[in-house]
Amino acid sequence: MGIGAVIGVPLVLLFNAIGLNPIVALAGMSLIWPLGDALPPTAIIGRLTVSIVGYEGPYGMFLRACLVPAIVIALMGTLMVIYSARLGFLTGI
């Protein structure tokens, strides 16, 4: 996760500048970003998960089984970013 040092600080500054709570917004984004690791063409984490759990079917069927949870995760992360100013009380700051 070396990109965090490069993109993290500008994102915090951006969120502060537009009135969002950067802690909640980045927490929401951190929910969304790992979903990309399961998508082709590389699908590094997804293929590793399939091999570890011993799933026998094709990778496409595995992705279909994960579709509903992935949509819920993406929706929750997006809502956390959009409503981060209102959810700022969760940070305790």
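This is a predicted model: local features need pLDDT of at least 70, side-chain atom pairs count only at pLDDT 80 or more; totals for chains, interfaces and linings use all residues.

Is Arg64 buried or exposed? I checked, and Arg64 is exposed, because its relative accessible area is 58%.

**Entry 1**

I found Arg64 in helix α4, which covers residues 59-65. I then looked at how far Arg64 is from Met80: the two are 16 residues apart along the chain, and their C-alpha atoms are separated by 25 Å.

I looked up Ile44 next, in helix α3 (residues 44-53). Ile44 has a relative accessible area of 58%, so I put it down as exposed. From Ile44 to Phe89 I count 45 residues in sequence, and the C-alpha to C-alpha distance is 36 Å.

**Entry 1**

**Entry 2: Asn21**

I went to the loop between α1 (3-17) and α2 (22-32), where Asn21 is placed. Is Asn21 buried or exposed? Asn21 is at 16% relative accessibility, and the cut-off for buried is under 20%, so Asn21 counts as buried.

What does the Asn21 side chain do there? Asn21 caps the N-terminal end of α2, with a side-chain oxygen 3.0 Å from the backbone nitrogen of Ile23. Leaving out residues up to four places away in sequence, I list Ser84, Ala85, Gly88 and Thr91 as what Asn21 touches.

**Entry 3: Ser84**

Ser84 is in the segment after α5 (67-82). Ser84 counts as buried because its relative accessibility is 0%. The Ser84 side chain reaches the backbone oxygen of Val81 at 3.3 Å. With residues up to four places away in sequence not counted, Ser84 touches Leu20, Asn21, Val24 and Ala25.

**Entry 4: the face of α2**

Which residues of α2 are buried? I wrote down Pro22, Val24, Ala25, Gly28 and Met29. Looking down the axis of α2, I see these buried residues fall within an arc of 170 degrees, so they line one face of the helix. The background I had in mind: an α-helix has 3.6 residues a turn, so residues three or four places apart point the same way.

I checked Ser30 as well, which also lies in helix α2. Ser30 has a relative accessible area of 40%, so it is partly exposed. The side chain of Ser30 reaches the backbone oxygen of Ala27 at 2.7 Å. Ser30 and Val9 are 21 residues apart in sequence, and I get 14 Å between their C-alpha atoms.

**Entry 5: the core**

How many residues make up the largest nonpolar core? I find six: Leu11, Phe15, Leu20, Ala25, Met29 and Val81. At least two residues of this core come from α1, and at least two from α2. General reminder: in soluble globular proteins, nonpolar side chains tend to be buried together.

I picked out Met29, one of the core residues. Not counting residues up to four places away in sequence, Met29 touches Leu11, Phe15 and Val81. Met29 is also among the buried residues of α2.

**Entry 6: tying it up**

Ala25 shows up in several of my notes. Ala25 is buried in α2, belongs to the largest nonpolar core and is touched by Ser84. Val81 is likewise in that core, and its backbone oxygen is what the Ser84 side chain reaches.

How values were computed: Residues are numbered from 1 along each chain as its sequence is written. Side-chain values use heavy atoms; hydrogens and water are left out. Helices (H or I, at least four residues) and strands (E, at least two) are DSSP runs, numbered from the N terminus. Buried means under 20% relative accessible area, exposed over 50%, partly exposed in between (1.4 Å probe, protein chains only). Contact means heavy atoms within 4.5 Å. A nonpolar core is a set of buried Ala, Val, Leu, Ile, Met, Phe, Trp, Tyr and Cys residues joined through side-chain atoms within 4.5 Å. The arc is that of the directions from the helix axis to the C-beta atoms. A polar contact is a pair of N or O atoms within 3.5 Å; within protein, one must be able to donate a hydrogen and the other to accept it, and residues adjacent in sequence count only if both atoms are side-chain atoms.
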